[in-house]
Amino acid sequence: MKTISTKDEKNQNSMNHKDSQQKPTPWQEAHQKYLEEKRLMDKILKNNQEQEESESLAESSEEVEQQENQEQEKNERPMIEILSSEKPTESIRESENTSFSDKLPKMKDYRQRKLHRRLTLIILLFLIPLIVCIYYISSLGQLSKVNVVHNQQVASEQIVKTANFKINEPLWEQYFSRQTAIQKIKKISPWIKAVNVKVVHFNQFQINVTEYPRVAYLLTGDKYYDILENGQVLKNPITQDQLQSGLPILEGFTSKKLILKTLKAYHKLPEEFKQSISQIKSTPRAENDQLLTLNMNDQNQVLINIDQLNKKLPYYAKVVSNLKEPGIVDMEVGIFSYPYPKEEKKTGDSSSQSTNDGSENDESVQENPQA
């Protein structure tokens, strides 16, 4: 009996323990209730979100459809106007049958042009060095001839000989060292002003020579010498028959600077005054080294300073009209005119005339009112 009772007690205790485990606590009940409410709220929110997304998608699809319809209408309007006689089903079939290449007809042409440009560039990169090599090896890369142009006073043979360019030798090596030849050519003659060498006809040199022009003659004794544009007087004399008409003849000049100053003032004169002067003499005095004596074609003489040549010489015609016979027009200080002294010749020395003009011919001196 005892054993049975102990078993019953054990069974009863186990049942009580199970009942205690199955019944939840108040906290568990509250937590379980919270979880169920949270699941319900999440489900409701999810349903609302899905509904909103579906509505927004529907609205966007409607907008897209409206835009597509508007664009299609815009595209179809000109086609309908142009092809009003055709049926709409035909245009729809044609649009359905168009391929991607038909929609972009210029794509193939663009790719072909791009490919051609690349091929052309590659060919040129290889072709240019090849042409250069062939040029240097061939006869075109060798100097074949040397010509001289624009030279009048210096012989071409002398210029070519001085330049010393080698025929059938590499052209460009000689061209890049041409400055040495140019400097040698300039030293040949004082006539040469500038020299230039350039390549012509692929493998020939052309030497362009610029010479100083002859601007006047210098009379020394009975010999004439050329005066160049830079004021240099050449050493080789020429005869009177070789004189060029229209150029002034200078006499008594010993300074290159004075020659240039005189010629500069002379070339500023009007052409009619240049033609009326036959000879220009330098007749300096102790107090005036700029004095010139001009021998005129009408047998008169003019005493004038170099720096006054352009200012006072225009009055010459009016002053000479007061002379009854050939004489002297003194423009050194003022402007005076008087005839030659009786005891001297018309071509006498101007210095002796100036010493006698104040003593022996006071009564014949006339002062120009325009002085």
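Is Glu52 buried or exposed, and what is its relative accessible area? Glu52 is exposed, with a relative accessible area of 54%; exposed means over 50% relative accessible area, buried means under 20%, and partly exposed lies in between, with a 1.4 Å probe and protein chains only. The structure is a predicted model, in which local features need pLDDT of at least 70, side-chain atom pairs count only at pLDDT 80 or more, and totals for chains, interfaces and linings use all residues. Residues are numbered from 1 along each chain as its sequence is written, and side-chain values use heavy atoms, with hydrogens and water left out.

The secondary structure of the protein consists of 13 helices and 13 strands. These elements are DSSP runs numbered from the N terminus, with helices (H or I) of at least four residues and strands (E) of at least two. Of the 371 residues in the protein, 29% are buried. The accessible surface comes to about 26800 Å², and carbon and sulfur atoms hold 53% of that surface. Accessible areas come from the Shrake-Rupley method with a 1.4 Å probe, and for residues only the protein chains shown count as cover. Among contacts with a separation of 6 or more, 47% are between residues 24 or more positions apart; a contact means heavy atoms within 4.5 Å.

Glu52 is placed in helix H2 (residues 26–82), and a negative surface patch is formed by Glu50, Glu52, Glu53 and Glu55. Patches are made of residues with over 30% relative accessible area and no salt bridge, like charges being joined within 9 Å and nonpolar side chains (Val, Leu, Ile, Met, Phe, Trp, Tyr) within 5 Å. Lys and Arg count as positive and Asp and Glu as negative, while His and the chain ends are not counted. The place of a charge is taken as NZ of Lys, CZ of Arg, CG of Asp or CD of Glu.

A patch of positive charge on the surface gathers Arg113, Lys114, Arg117 and Arg118. Arg117 belongs to helix H5 (residues 107–137). Val132 also lies in helix H5, and Val132 is partly exposed at 39% relative accessibility. Val132 is one of the residues that make a nonpolar surface patch of about 1200 Å², which also includes Leu115, Leu119, Ile123 and Tyr136.

The structure holds three salt bridges. A salt bridge is a side-chain nitrogen of Lys or Arg within 4 Å of a carboxyl oxygen of Asp or Glu. In one of them, the side chains of Lys193 and Glu229 meet at 3.6 Å, N to O. This pair links distant parts of the chain, 36 residues apart: Lys193 is in strand S2 (residues 192–200), and Glu229 is in the loop between strand S5 (223–228) and strand S6 (233–238). Lys193 is partly exposed at 41% relative accessibility, and Glu229 is partly exposed with a relative accessible area of 40%.

Another salt bridge joins Arg214 and Asp226, with the closest N and O atoms 2.5 Å apart. Arg214 lies in strand S4 (residues 214–220) and Asp226 in strand S5, so the pair ties together parts that are twelve residues apart in sequence. Arg214 counts as partly exposed because its relative accessibility is 23%, whereas Asp226 counts as buried at 5%.

In the salt bridge between Arg285 and Glu332, the closest N and O atoms are 3.0 Å apart. Arg285 lies in the loop between strand S8 (277–282) and strand S9 (291–296), and Glu332 in the loop between strand S11 (327–330) and strand S12 (336–339), so the pair ties together parts that are 47 residues apart in sequence. Arg285 is partly exposed at 28% relative accessibility, while Glu332 is buried at 15%.

Gln279 lies in strand S8 and counts as buried because its relative accessibility is 16%. Not counting residues up to four places away in sequence, Gln279 touches Leu219, Ile249, Glu251, Thr293, Leu294 and Asn295. Gln279 and Leu250 are 29 residues apart in sequence, and their C-alpha atoms are 6.1 Å apart in space. Thr262 is placed in helix H9 (residues 256–267) and is buried, with a relative accessible area of 1%. Apart from neighbours within four places in sequence, Thr262 is in contact with Phe253, Ile280, Leu292 and Ile306.
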